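Okay, thanks for coming, everyone.

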Amino acid sequence: MPLSPNLRGALFMVVAMVGFTLNDAITKFSSESMNMAQVMLVRGAFASLFVGLLAWRRGALANPAAMLQPMVATRVAGEAGATVSFLIALAHLPIANVSAVLQALPLAVTMGAALFFGEGVGWRRWLAIAVGFAGVMIIVRPGFEGFSVYSLLALASVACCAVRDLATKRIPEAIPTMLVSTATALAMTVLGALLLSPMGGWTPMSGRATTLLALAAVLVLIGYQFIIMAMRSGDISFIAPFRYTALLWSILLGLVIFGDVPDLPMIVGAAIIIGSGLYALYRERIVGRQQPAAESAGPDMAPDGI
């Protein structure tokens, strides 16, 4: 039997998280020898080349003016803010801590979908959202020993990512996914070039460092493609919680590559966030079974999107 739109979107989300997490590990490793603007510039140049060639071969660049479509531009702006804040946080915090804060993103997207798209969210899921963000505060621990201002940048990245994903949902179907990816890659390259001087300038690169960033670019493209396909496949309040798989990879890579052992507040906060998100997912499935598809889908989706 073919997968439903929601299950297909969930599978796409899991693949996207594998790509993004491996890229994060390479990016953090690269930050030890160069500033993050240079990482953005080099990785973005490779990504622009790779995705541009793919988009050209598939005929996705036939209407480049579509890059200026408001929702495409909004998505790119959200991605830019998310990338800058995330990379700076990643360079100064354990990868598992940054990933744990980002686990609040499904809750933020669910909240945004309710506020802006009219997707039904009952009081139980609103409570789950509130509890989840309390878990974020445990990880960030403002005002306590161990607090880092870079944790706030990780939280800012969550807000920017929510804007990105909500805008993706509103991009017209006629605009090819490859064109959206091309616009994103080009924007990240330009942004890296603009920030290069303020962040310390260019550092000579070895062949190994260049190869790693080329690999990171491939992984980012995999993530971009699959997350766009995921957010277009079904109900984002169902699909978004599958981002949690990224935390498992982040903890494992942090231990193996960087020797980072998660501390108790991170574990407790992440458990609260994930528990809240899973409960929100459970409530979404309950509501989906109890209501007709036309009522539970929301006005932005066809009824068979459930």
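To start, how many aromatic pairs does the count come to? The count comes to 2, where rings of Phe, Tyr and Trp (its six-membered ring) pair if their centres lie within 6.5 Å. Phenylalanine 12 and phenylalanine 226 make an edge-to-face pair, 5.7 Å centre to centre with 65° between the planes; planes over 60 degrees apart count as edge-to-face, under 30 as stacked, and the rest as tilted. That pair links distant parts of the chain, with phenylalanine 12 in helix α1 (residues 5-30) and phenylalanine 226 in helix α9 (residues 207-233), 214 residues apart. Helices here are DSSP runs of H or I, at least four residues, and strands are runs of E, at least two, numbered from the N terminus.

Quick word on ground rules. This is a predicted model, so local features need pLDDT of at least 70 and side-chain atom pairs count only at pLDDT 80 or more, while totals for chains, interfaces and linings use all residues. Residues are numbered from 1 along each chain as its sequence is written, and side-chain values use heavy atoms, with hydrogens and water left out.

Back to the pair: phenylalanine 12 counts as buried at 18% relative accessibility, and phenylalanine 226 as partly exposed at 24%. Buried means under 20% relative accessible area, exposed over 50%, partly exposed in between, with a 1.4 Å probe and protein chains only.

Now salt bridges, meaning a side-chain nitrogen of Lys or Arg within 4 Å of a carboxyl oxygen of Asp or Glu. The count comes to 4. Glutamate 79 meets arginine 75 at 3.9 Å, N to O, and both are buried. They sit 4 residues apart in helix α3 (residues 70-92), about one helical turn. Arginine 164 and aspartate 165 meet at 2.8 Å. Salt bridges that share partners join Arg75, Glu79, Arg164 and Asp165 into one network.

Then there's aspartate 263 with arginine 141, at 3.1 Å. Aspartate 263 is in the loop between α11 (245-258) and α12 (264-290), and arginine 141 in the loop between α6 and α7 (149-169), so the pair ties together parts 122 residues apart in sequence. Arginine 141 follows α6 and has a positive phi, near 45°.

Last, α6 itself. Its buried residues include Arg125, Gly132 and Val140. Down the axis of α6, the buried residues fall within an arc of 140°, so they line one face of the helix; the arc is that of the directions from the helix axis to the C-beta atoms.
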